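Keep the picture open while you read.

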Amino acid sequence: MRSLRRYLVTVLIALFTLISFLAALQSYRQSASRAEALFDQDLQVLASSLAQQYQAGSQQELGLALQVWQNNQLVYRSPLAPETPMAETEGFTEHNFAGKRWRVFRQTPTALLTVIVAQPLQQRQQLADEVITASIYPVVLSLPLQALLIWLVVSKALSPIKRFSAQLASKKANDLTAVELEQVPAELDQMLKTTNLLFARLADAFEREKRFASDVAHELRTPLSVLQVNLHNASQQWQQSGMADSQDSMLALQAGVERMSALIEQIMLLNRTNPEHFQARTEQLDLAGLCRQVVADWYPQIEKKQQQIELLGLEHLSLKGDAFALRLLVSNLVGNASKYTQAGGAIQLELMTQAGKAVLVVQDNGPGIPPEEYSRVFDRFYRVGGDRHQSGTLGSGLGLAIVRDIANLHQGQVRLGAADSVSGLKVTVELPL
Amino acid sequence: MLINTVLMFLRELLPLFLLLATLLVWHRSQWRRFILLFSLPAILMLTLFSSNMLWISEQLDGFGLELLYSLLYTGCFALLCVAAAKRNAAMVLSAFACACLLSINGSNLLLYIWLPTQGNTDPSALLLGMALGVGIGSSIAVLWYYLLTELKQWRMLSYRLLLSLLGVRQLMMASALLIQSDWLPSGPRLWQTEQWLPEQSELGFFLQALLGYEATPVLSQGLIYIAGLGLLLWCSRNLKNNIRSAQ
């Protein structure tokens, strides 16, 4: 199929022509057959009328009424004809007699002879209907066939568009490869080329963006590390040289650099776990074991803040997922809980299965999050209360965004709620088993 | 009479249109050249035969026309065989095969239109009959063309078989004319299907145009048909490669 338009126009015209002409031919045949039957009937009537002339007293039904008048005397009448003249005027007229409506023809060939012939109107109508119906019937019957064939042809013609849209619909979010179709019609060809060009440009743009964010974060991390070391050294030198007054400024500077390092780290992680870029390597893993490892990683900080942490529920919970991503998810939740919970607070992790899903609940007795903020905390760089968070902890505003991305990657979901304790936050993560 | 004109045009045009559509699918990429190659010899032969129709029909004890037609039908079949086997001259040979068929069917149509008895016929009935015949024939050819385009793409064997059937149909027509002229022994009748599927019905015309349907074939025709079909199928065994290289 080179052109949809040409295909549709030629095939539809051919179909219409073929069906209409065949229907016309059939109408012609049937009408001719009916007309022939009609003429045959007339011949029969004529023959019967002539026969009656020679068989006086015959009461054979002709379907016609016939009168012959000579010198105003009725010399012949058929059984259906009355004894009075059926018509008084010459030519065609309509009259009622014998309980019927008749079409009457009166002819006076000579001054002394008058012939009057009548036919019931109903019979005439019936004969005309038969001929007309015979000619219309094939045309009407051909309509459903035409409709079916049009549907088939249009479906066939539009099949490349259907295949094209099906390919587009089946594409995953990170699949920017070109769409390939066989036998592309001219009308679709340009659209296909433009779409593929757009995909190629989008793929380039995504790749540039990904590389740029990753490069920037990577390039910033090295000088920041150097800055941190130098700050540490400078702080020690200042202490040794007795410049204790500047200690507060130095601590503030160190906190700022640490926050920037954490932010860059989170940007890099966010970049890695972005569903548009992330290539998940799913494997069977034990979520309980993974939680234990994360708790062990965070334990030094938790101990430093004299917080209590406990891991409840299942001791083994096997599911399919990406180990790196899920570890990051749990780490962000435990890290957030530890960071935003006051010293001496409590953190609780609980693992369970529910309705065919693995459920991880992380809750603390920290300040929590107001319910009206639940929907916003998953936005990137959004921090509850801005930089004036009541915990005083400086965060990047990316932790929960990463958690949501990872949950989405695993076709799971994250819900926030109030902790079972008086205050505090409860984060529930559901992942398919 | 209208119906006679329609049937006459269908009988003469349908085989030609079907062969043309089938060969256009084959030479799709160079269809303009194909039409040109077909038209020129077709017009030449048509002019030559129709202008000398009377003289030709009087030759060979009055069987001149039948023998000429059977020669042209056989030539059409032979050209199709060679075209299917030889990739180099396929287009020229196919076009000549079509020209042979047109010269036969075109002559018959011209003869019908200019018959002295047509003088008594209502010209509007003749024109309407021509329009109906040409319309039905060309519509079938268009649909046939698109059907074969699909078949050629996905089921080359079906295309080969249909081309072979169309080719051997010409041989069947030649054999019927030769039997009619007593140049070919007829032998016993193979079957009788006139009651179920008359040759003069629409479907009968279509099958006759497509595969040389005969309601009462004889043994010699059956043998010729099988041999011809086998030969054309064998000649077209590399048709797929030939078509690919042509495109």
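Which side chain does A:Glu430 join in a polar contact of 3.0 Å? The partner is the side chain of A:Arg415. A polar contact here is a pair of N or O atoms within 3.5 Å; within protein, one must be able to donate a hydrogen and the other to accept it, and residues adjacent in sequence count only if both atoms are side-chain atoms.

Before going on, some ground rules. This is a predicted model, where local features need pLDDT of at least 70 and side-chain atom pairs count only at pLDDT 80 or more, while totals for chains, interfaces and linings use all residues; side-chain values use heavy atoms, with hydrogens and water left out. Residues are numbered from 1 along each chain as its sequence is written, and chains are lettered from A and ligands numbered from 1 in the order in which they are written.

**Back to the glutamate**

A:Glu430 sits in strand β12 (residues 425-432) of chain A. Helices (H or I, at least four residues) and strands (E, at least two) are DSSP runs, numbered from the N terminus. With a relative accessible area of 10%, A:Glu430 is buried. Buried means under 20% relative accessible area, exposed over 50%, and partly exposed in between (1.4 Å probe, protein chains only). Leaving out residues up to four places away in sequence, A:Glu430 touches several others, including A:Gln354, A:Lys357 and A:Gly412. Contact means heavy atoms within 4.5 Å.

**Helix α5 of chain A**

Now look at residues 287-304, which form helix α5 of chain A: 18 residues reaching 26 Å from the first C-alpha to the last, close to the 26 Å expected at 1.5 Å a residue. The expected span is 1.5 Å times one less than the number of residues. After the helix comes A:Gln306, with a positive phi near 50 degrees.

The buried residues of α5(A) include A:Leu287, A:Cys291, A:Val294 and A:Ile302. Those buried residues pack against several elements of chain A, among them β6 (283-286), α6 (323-340) and β10 (357-364).

In helix α4 (residues 247-273) of chain A you'll find A:Val257. A:Val257 touches A:Leu224, A:Leu227, A:Gln228 and A:Leu231, leaving aside neighbours within four places in sequence.

**Over to chain B**

How do helix α4 (residues 64-85) and helix α9 (residues 219-235) of chain B cross? Their axes come within 8 Å and cross at roughly 25 degrees. That makes α4(B) roughly parallel to α9(B). Axes are lines fitted to C-alpha atoms, for helices over the stretch in contact, and angles run from 0 to 180 degrees between N-to-C directions; under 35 degrees counts as roughly parallel, over 145 as roughly antiparallel, 65 to 115 as roughly perpendicular and the rest as oblique. Residues meeting across this pair include B:Phe77 and B:Leu80 in α4(B), and B:Gly228 and B:Leu231 in α9(B).

B:Ser175 belongs to helix α7 (residues 156-180) of chain B. Beyond its neighbours within four places in sequence, B:Ser175 is in contact with B:Leu184, B:Gln221 and B:Ile224. B:Asp182 lies in the loop between α7 and α8 of chain B, and its phi is positive, near 65 degrees.

Here are some accessibility values side by side:

| Residue | Relative accessibility | Class |
|---|---|---|
| A:Val257 | 7% | buried |
| B:Ser175 | 2% | buried |
| B:Asp182 | 66% | exposed |
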